[in-house]
Amino acid sequence: MSSHDAKTGFLRSVWNRGRNEFGLLFAILVVIAFTTFASPSYRDKPAQNAHEILRQTSLLGIFALGAATVIISGGIDLSSGSVIAFSATICTSIIYLLVPQIDGQPQTSEIPVWIFLVAFAGTLLVAVLIGSFHAWLITSIGLPPFVATLASLVGLRSLARLLIMDVTKFAENRDTGSTQIYIPDDTFRHLGSEWWISMVVFAVLALALWLLLSRTVIGRHLYAMGGNEAAAELCGIRTVKLKWLAYCIGSVTAAIAGILHASYIGMAEPVNDAVGYELNAIAAAVVGGCSLAGGFGTVGGVILGALFLRVVIDAVAKVFAQNPDILEGLIVGILVVLAVAFNELRNHGQRSRQFFAGSLGLLNVFILTLLAGVITSVTSPENKLRNAVIAAVGTLIILGAKGVAERRALRET
């Protein structure tokens with residue numbers, strides 16, 4: 001083999017292994033270029049915007065790493081948003097109970113460092129207990145991962161509100177009825193507001209998880225269990241311990257994000273904290289290349305998936321100045337569907353599959369055409385009807401042509 005052939009083979013191998021990551025990098029650059037062109041914010045305040053995107057990406061990436069570990073192992077964790085809110089409650093509650101009091105009121109400024117260390121350790125310990133409880137529900141009780149973590153999604157946020165009511169009542173020796181705890185201490189606020197601190201935490205966790213997944217036997221067993229749990233058990237892999245590890249990583253990373261989130265806003269407010277974050281975590285993982293069927297995914301892909309998601313959400317906020325938060329769920333939902341569909345087609349080599357040849361396909365040509373028109377209408381600041389008609393007709397032409405081509409191909413075979 002010549003040196004040229006060896007070089008070509010090496011480059012082809014790198015491309016095949018990292019084409020999802022290369023595609024995400026290209027997509028990130030395209031979104032940034034579009035936002036720079038469409039909004040003056042990126043041109044006027046580049047450093048400020050970069051720092052905020054990196055801080056938000058780091059926060060999302062921290063608990064997305066945990067969600068990805070669970071997905072790679074063949075499970076799913078719907079509780080990360082509620083675990084973040086619950087962990088913020090545990091952290092601020094411990095601080096609130098340990099700070100000295102003056103005239104019966106907890107002093108939440110100039111707090112000694114040891115109190116923070118105790119609060120962080122207690123929060124992480126509670127996260128391990130949550131992950132262990134999830135693993136027990138799944139492995140011993142036999143609940144599907146979806147149901148086990150859905151219970152935490154619903155229950156932990158309510159439990160956090162009840163805990164805060166009791167903690168404030170105990171600390172202040174009176175019934176306040178409050179469901180919030182404020183910690184305005186400068187050191188605590190500094191932890192979450194400095195963009196580089198979240199980024200360093202994210203980088204350390206990503207490195208540790210990369211080493212675990214790609215350089216250890218445990219990591220290979222996690223992939224094997226996610227790909228085929230029955231075969232993994234026949235090979236002697238202890239799947240119960242692996243599931244415990246995966247769900248503990250998921251809950252601990254969410255707890256770390258909860259501490260950073262509470263320190264950034266200086267309080268715990270479970271009713272509003274981290275609402276919908278579990279969808280963002282799963283979205284970052286699947287956009288980064290993790291297969292929901294398990295057994296496939298990389299740490300690098302999750303990092304780029306989190307960055308891509310935050311860049312897109314930030315672009316929506318910059319381009320659509322009015323009510324960008326309303327569009328965030330729509331954008332994330334579309335990205336999740338597209339990413340999962342693309343991964344499924346790529347992994348199973350089914351790019352030639354027929355989508356619109358049958359009656360169900362024709363019905364969905366109509367549904368997608370209607371959807372394109374409605375989304376274009378609600379996101380257009382003016383000329384809503386004209387833009388909606390243009391988008392709907394364009395979608396109908398493209399999908400209709402695809403359907404006709406598929407029907408012809410079907411008749412010829």
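How many aromatic pairs does the count come to? By the rule used here, the count comes to four; rings of Phe, Tyr and Trp (its six-membered ring) pair if their centres lie within 6.5 Å, and planes under 30 degrees apart count as stacked, over 60 as edge-to-face and the rest as tilted.

This is a predicted model, in which local features need pLDDT of at least 70, side-chain atom pairs count only at pLDDT 80 or more, and totals for chains, interfaces and linings use all residues. Residues are numbered from 1 along each chain as its sequence is written, and side-chain values use heavy atoms, with hydrogens and water left out.

Two of the stacked pairs are given below.

| Pair | Centre to centre | Between the planes |
|---|---|---|
| Phenylalanine 63 and tyrosine 277 | 5.7 Å | 10° |
| Phenylalanine 133 and tryptophan 136 | 6.0 Å | 25° |

Phenylalanine 63 lies in helix 3 (residues 46-72) and tyrosine 277 in helix 12 (residues 277-287), so this pair ties together parts 214 residues apart in sequence. Helices (H or I, at least four residues) are DSSP runs, numbered from the N terminus. Phenylalanine 63 is buried, at 2% relative accessibility, whereas tyrosine 277 is partly exposed at 22%. Buried means under 20% relative accessible area, exposed over 50%, and partly exposed in between (1.4 Å probe, protein chains only).

Phenylalanine 133 and tryptophan 136 are three residues apart in helix 5 (residues 113-141), and therefore separated by about one helical turn. Phenylalanine 133 is partly exposed at 44%, as is tryptophan 136 at 43%.

Phe116, Phe120 and Phe188 form one aromatic cluster.

How values were computed: Helices (H or I, at least four residues) and strands (E, at least two) are DSSP runs, numbered from the N terminus.
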